Amino acid sequence: MPGKLKVKIVAGRHLPVMDRASDLTDAFVEVKFGNTTFKTDVYLKSLNPQWNSEWFKFEVDDEDLQDEPLQITVLDHDTYSANDAIGKVYIDIDPLLYSEAATVISGWFPIYDTIHGIRGEINVVVKVDLFNDLNRFRQSSCGVKFFCTTSIPKCYRAVIIHGFVEELVVNEDPEYQWIDRIRTPRASNEARQRLISLMSGELQRKIGLKVLEMRGNAVVGYLQCFDLEGESGLVVRAIGTACTLDKLSSPAAFLPACNSPSKEMKEIPFNEDPNPNTHSSGPSTPLKNQTYSFSPSKSYSRQSSSSDTDLSLTPKTGMGSGSAGKEGGPFKALLRQQTQSALEQREFPFFTLTAFPPGFLVHVGGVVSARSVKLLDRIHNPDEPETRDAWWAEIRQEIKSHAKALGCHAVVGYSESTSICEEVCILSASGTAAVLNPRFLQDGTVEGCLEQRLEENLPTRCGFCHIPYDELNMPFPAHLTYCYNCRKQKVPDVLFTTIDLPTDATVIGKGCLIQARLCRLKKKAQAEANATAISNLLPFMEYEVHTQLMNKLKLKGMNALFGLRIQITVGENMLMGLASATGVYLAALPTPGGIQIAGKTPNDGSYEQHISHMQKKINDTIAKNKELYEINPPEISEEIIGSPIPEPRQRSRLLRSQSESSDEVTELDLSHGKKDAFVLEIDDTDAMEDVHSLLTDVPPPSGFYSCNTEIMPGINNWTSEIQMFTSVRVIRLSSLNLTNQALNKNFNDLCENLLKSLYFKLRSMIPCCLCHVNFTVSLPEDELIQVTVTAVAITFDKNQALQTTKTPVEKSLQRASTDNEELLQFPLELCSDSLPSHPFPPAKEHLESASSNSGIPAAQRDRCSSWIELIKLKAQTIRRGSIKTTMTVEKASPVGDGNFRNRSAPPCANSTVGVVKMTPLSFIPGAKITKYLGIINMFFIRETTSLREEGGVSGFLHAFIAEVFAMVRAHVAALGGNAVVSYIMKQCVFMENPNKNQAQCLINVSGDAVVFVRESDLEVVSSQQPTTNCQSSCTEGEVTT
Amino acid sequence: MTSELDIFVGNTTLIDEDVYRLWLDGYSVTDAVALRVRSGILEQTGATAAVLQSDTMDHYRTFHMLERLLHAPPKLLHQLIFQIPPSRQALLIERYYAFDEAFVREVLGKKLSKGTKKDLDDISTKTGITLKSCRRQFDNFKRVFKVVEEMRGSLVDNIQQHFLLSDRLARDYAAIVFFANNRFETGKKKLQYLSFGDFAFCAELMIQNWTLGADLKELKVLVADKDLLDLHKSLVCTALRGKLGVFSEMEANFKNLSRGLVNVAAKLTHNKDVRDLFVDLVEKFVEPCRSDHWPLSDVRFFLNQYSASVHSLDGFRHQALWDRYMGTLRGCLLRLYHD
């Protein structure tokens, strides 16, 4: 009996009238956990019953505590007939199982019914007493913390980032069981909700076990999804990144509450674990020993053998001596070896994180993705979900080898998804191939001096842009140039990634949301023929999506994509592709060339004219975009070098031959000339359409910016007003003569109109930025396209538009403040941070040029009356982290404190409902997260048989989503929190049958419940805090000079 | 391509004040969109008509969902479904319960029943206020009336407590409830010149100072007893001689005016006669004075002297009752005396 769950039912309010005669209700409550049920007394004739029950006590295993939800049912007592259910509340008690999360769940929960929606509220108090039992044969993993956040949570420090954890569980879907034919819709929905809740709990527990086995204490970037496979069953799967986290306030490493010694671990039967190596080497072996074994383990499974060959192909030596500078070379090689060895221990060196501790990310290779089309078959034995496991293993293996081909040993920003239509399923995985710093991957036992020197020599700000692959053996055609920042290493001309923009990256101007949208018609087919047809279409779609992205990026005058997410959705008669990413101009990468249109029939005069007209339009758009996004890369370097621009073909060879002599790198770098333009050949009407569609994307209205990453590159002066929202649109295609073009146009219009609507709706927040814009597409029926968008609008202060984080100025300023002498003595070193080969100017000028490099528009620079002020502001920005400026304090806080004439209406002031913020971001602008209370992972079904009466499909779904938000907020508030961060709506499956006046919707949401404190409040308490933060971050290697 | 479904749900419920007004005014989505287009919003924001349509639909849906809660404002405060900042909640409630002057003048004093509701069509046509808006306003009156009808304590406080209205609006509702309860006639042609404000002012004075069942019949002696009437007249005339521009008219009319004012008091004891209070006041006092072109200052002088002089009438024993009656009546008459 390792745990005691205690529940008290306090009261209800706003209950529905269940007895028409009296207009009242005789309510009582059933409290169920596992197989035990308690009941309260019946509270007669009231819509606001006060049960004030005793403590109901459940004595349960901690395994059950993790798996089972607490189920509270409110009923209306009926003497003569069956009691009528009013509704239910499911409470996930997992947050009570961490030692430092919530200690009690207490508050008002909406009473939810799958047919009627929310029907009143119930006040419940839940507590858990946990007993440690170290000697048991452990199946539970209480104490492992879960975070949806895809970066190291704000009040923690990553001691070790262990790596990838994954698990899936399968079951029959109650909706498709025979018994459902005789079950009421309510009973069926509730069975499904309960099952998914149970499966989620089980999944989390199993993942937790894996984490404990890796000797971690947390899962970060936890992403759980379910696949509704229809007849063939229900799959709940999850991936995440195992970490050992350390609470920042307490220096001692946090150990799980019921962590068991590693010796016990070998008894854990890991039937599903596909890596036999884990067993043979024995968990009793300390992990760090494993990481030090350099020889590739022969005991690896099939995947490993293939990866061994990949390894030998990987031109790591070439990298070391070939393109690296003479100082960086040997260290880099060493680093590479270390990383490699650390990662070799992992079957899948994947990380679901999208943002990393400083110094973690060394190089980024590019996006790697893999898809496969599968035919679903009935899952025969739910206890051994081998097929599904094998499918994913296959895909992951492919991802791994793609990464290897890019000279990378790890994949970051990794995610997995599925799209199912009838019996066909597309499995997708994508991530960013990367080279990582081993420091975070093992037990911190790397030789200290080596590590330090490594850090000294690695250019952190542009380092991640440097290619990890060998330029002689490039995995794909790319133009390489010397880094525009350090001039020492090679960089590609464009960089695509799935991660967030590293905080120390130097960006010029602002970023923007870039989307590629694509539809392809497909013949209706059955089973294998269908799967084959889809498989054949996929490569074309990928190619076209990629081309569109590239064109749009160039049209924006930018050179890198972050947060790239490509979603391919399968329907009965079509495939949809939607790629979203945030485009930016990375200072380290070359200026992108334009887009050149080439016609096929050059003799035709009018055609020629048309072409040149189009060309002009494109050129104008590029120029306009550069202005709009404030992309003014410095051109000084060119003047200084003043070398002729070589032919593109020769250039790479030229660079190759010169790369050995790194001394003269800057002088000899000839790579910064105007790139040859990207040529779009117009040979048929299709291509014409493409060019037209390129130009149809309208930029957001003035005062609006948008991105799909956490932070908008180029904006960091957020004010505290945030508005998270979900918007859903479904369009019906006219089924007559559908062509690919018409389809594309429809889809494009759908997305563009949706964005326009968002800009319009949120216009009162201007200046503002839509962050983490997350589009998902589904094809619920033949002629229906559904697009769901979740994002957060954040206001920022236009008058203080400071440029992005960690600009060269900040770096040099920090140096200047810490050691002035050094600054004077080593001017060149400083310059290499900001502007290479610039003769050392007087300090003031240097700052000015450096900041223009960082992209602060002249107009805004002028706002600072003196440079001293700018320096102060920047210094402050550094200390407070990248999201906060001084103005935040003065700006009036949340959305609500308007200036409505409140004087005469005092009753409204005493509202009892606390505000709970929701955001898909991992932070709250102008606030500090002080505590993580646990993961929120909720699944709801709503169904109606009176669709018209509920306002049609829009009314139905609007109400449902509002109810989902309400239930999330209520759970967070009951945990003692005031916000959900990293909120995500993972699924919104909507089905309608207007003829029958019916509709059904399934929604799955998750996020991290947190407590936050306004920074303005914090500063009053301790003004010393920021300084300490700075120091601690310095020691962590954030500021390396 | 047609939009089957189109929704936007914010964690903080978005309230557009302009659209709320259009919704409250009872415009259909199509009309509201047309009105918004006319306001020049498309030019200001660069939005398209389709965007405006979608936005308007969305707000209308939200308001429709909120309406149920607005019927019991404390529910709006405690509900969990819509996260709305308190200041916005107050705005929603206040605007929802606000009413049109033209509408309230039509309904004031009428029984808040189904029968009246049937007349809303005519009222809508007459006032140019949409039927939908008329219904909302009528239902608001009725709802407030029903809730506070049987309650003890201050009418204004009860309304404020149950509907969370501002002080001003709660007072207006108190007047509406008071008028509906007493069924005062306000619709006669000769009363058309009076505004809701005039009536509300009177209602407030009456609610504060008058209690039902006082034996106002006792005052009748002032006009029934000829000596007393003559004495009263001479007292007033002596006091006002040379001070009143319309002295001769006053002197000539004194008995008629006095009879009118005292008879109003007597009628207040009969429930069915109470309804004519304002008709009587206008007919018996306001109109005669107005036809003789009394300036307001003279009316004030006269009423002050008229009610004060009673204290010198030795034969009259109901001084306190008279003061209470005349204090309120004087206030009302002065308010009602205008063009």
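Buried means under 20% relative accessible area, exposed means over 50%, and partly exposed lies in between (1.4 Å probe, protein chains only). The views below come from a predicted model, in which local features need pLDDT of at least 70, side-chain atom pairs count only at pLDDT 80 or more, and totals for chains, interfaces and linings use all residues. Residues are numbered from 1 along each chain as its sequence is written, chains are lettered from A and ligands numbered from 1 in the order in which they are written, and side-chain values use heavy atoms, with hydrogens and water left out.

**View 1. A buried salt bridge joins A:Asp227 and A:Arg237.**
Their side chains meet at 2.8 Å, N to O; a salt bridge here is a side-chain nitrogen of Lys or Arg within 4 Å of a carboxyl oxygen of Asp or Glu. A:Asp227 sits in strand E11 (residues 218-228) and A:Arg237 in strand E12 (residues 234-247) of chain A, 10 residues apart. Helices (H or I, at least four residues) and strands (E, at least two) are DSSP runs, numbered from the N terminus. A:Asp227 counts as buried because its relative accessibility is 4%, and A:Arg237 is buried too, at 7%.

**View 2. A:Lys510 pairs with A:Glu630.**
This salt bridge also spans 2.8 Å, N to O. It links distant parts of the chain, 120 residues apart: A:Lys510 belongs to strand E19 (residues 507-521), while A:Glu630 lies in the loop between helix H13 (605-628) and helix H14 (636-641) of chain A. With a relative accessible area of 4%, A:Lys510 is buried; A:Glu630 is buried at 15%.

**View 3. A:Arg732 reaches across to B:Glu4.**
Here the salt bridge is 3.1 Å, N to O. A:Arg732 lies in strand E25 (residues 718-732) of chain A and B:Glu4 in strand E1 (residues 2-10) of chain B, so the pair joins two chains. A:Arg732 is partly exposed at 27%, and B:Glu4 is partly exposed at 24%.

**View 4. B:Tyr325 belongs to the largest nonpolar core.**
That core, a set of buried Ala, Val, Leu, Ile, Met, Phe, Trp, Tyr and Cys residues joined through side-chain atoms within 4.5 Å, has 237 residues. Those with the most contacts inside it are A:Leu70, A:Ile122, B:Phe302 and B:Tyr325. Helix H26 (residues 952-974) of chain A gives the most to this core, with 14 residues. Leaving aside neighbours within four places in sequence, B:Tyr325 has contacts (heavy atoms within 4.5 Å) that include B:Trp210, B:Leu261 and B:Leu268.
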